[in-house]
Amino acid sequence: MLTCKQASELVSQSLDRSLTRGERWSLRFHLLICVACARFNRQLASIQAVIDKWLSDAAQNEDLQLPLQAKLRMSRALESEIAASRRRP
Amino acid sequence: MSNQTPHDWLNEHGDYLYRFALVRLRDTHLAEDAVQETLLAAIQSRSYEGKSAPRTWLTGILKHKIIDLIRKQSREKPSEDLSQTVADEGAVNEFFDESGHWADKPQAWAAPDDELEQKQFLVILQGCMDRLPKKLSRLFLMREILEDDNQAICKELDISPTNAWVMLYRARMGLRKCLELHWLET
């Protein structure tokens, strides 16, 4: 029998790796009989879903742009790197 | 597409790469560094063969640059060392009693359903993220980079996969508790 501490660790790890068959079964059983851990499981899943959406939305957020200063600096860095790479055989 | 110059990369994908880095590194200067190093590495590698879209190719390089930067940071600030973060087990143990039962059972909360609620939830979540040790929150935000190649990235960050799971667990425990306190209030 898993303790709630062990079950909560497996719930978290199930988001990062595939659990073994044995782990899956014992976790599934624990979640059937334990209201607190089942709730924990749902909450972690919804947190993860919100974060995944945030990460993908953030990359599409066109209001957020590379500052002009940084762009100019990079443009110069690219120039000198291109010049340097031309000199290399 | 393959005859794009590095300046085209900067103009067409610079903002995207910056946003991608910023949301994960949570630091504007680090994010700028990551983008610049990505473009420089792209020139040096000359390996772009037009097999994938330039943006996909550049994002792949950027992911490694983000990891490099995080690794460098952890060397510069040994006080924030990853292993130390893991060693500090007390923070997790306080959630359970000695027999492994919840000391403080998770309270029910309503999942955010409409768009407004999702926005509020995200604001609270970001606030909660800021309360985590920076290293923990970065690892957490790197999760989908980790997924790409778990082994290699752990090796780069000089942590074992087990350590990574422990840290992600700690981050989630802390976040969940923080959300419980602040989301329920609203």
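What volume does the largest pocket have? I get about 300 Å³ for this pocket. I worked on a predicted model, where local features need pLDDT of at least 70, side-chain atom pairs count only at pLDDT 80 or more, and totals for chains, interfaces and linings use all residues. Residues are numbered from 1 along each chain as its sequence is written, chains are lettered from A in the order in which they are written, and side-chain values use heavy atoms, with hydrogens and water left out.

Lining residues have an atom within 4 Å of a point; a pocket is an open set of points on a 1 Å grid where a 1.4 Å probe fits, with protein on both sides within 12 Å along at least five of seven lines. The volume is the space filled by probe spheres set on the points, which are joined across faces, edges and corners. Helix 3 of chain A gives the largest share of the lining, 6 residues.

**Interface.** Next I turned to the contact (heavy atoms within 4.5 Å), which takes 52 residues from chain B and 46 residues from chain A. The two chains bury about 4,600 Å², 66% of it on carbon and sulfur atoms; this is the accessible area (1.4 Å probe) lost on being put together, summed over both.

**Salt bridges.** I found 3 across the interface, counting a Lys or Arg side-chain nitrogen within 4 Å of an Asp or Glu carboxyl oxygen. One joins A:Asp16 and B:Arg172 at 3.0 Å, N to O.

Conventions. Helices (H or I, at least four residues) and strands (E, at least two) are DSSP runs, numbered from the N terminus.
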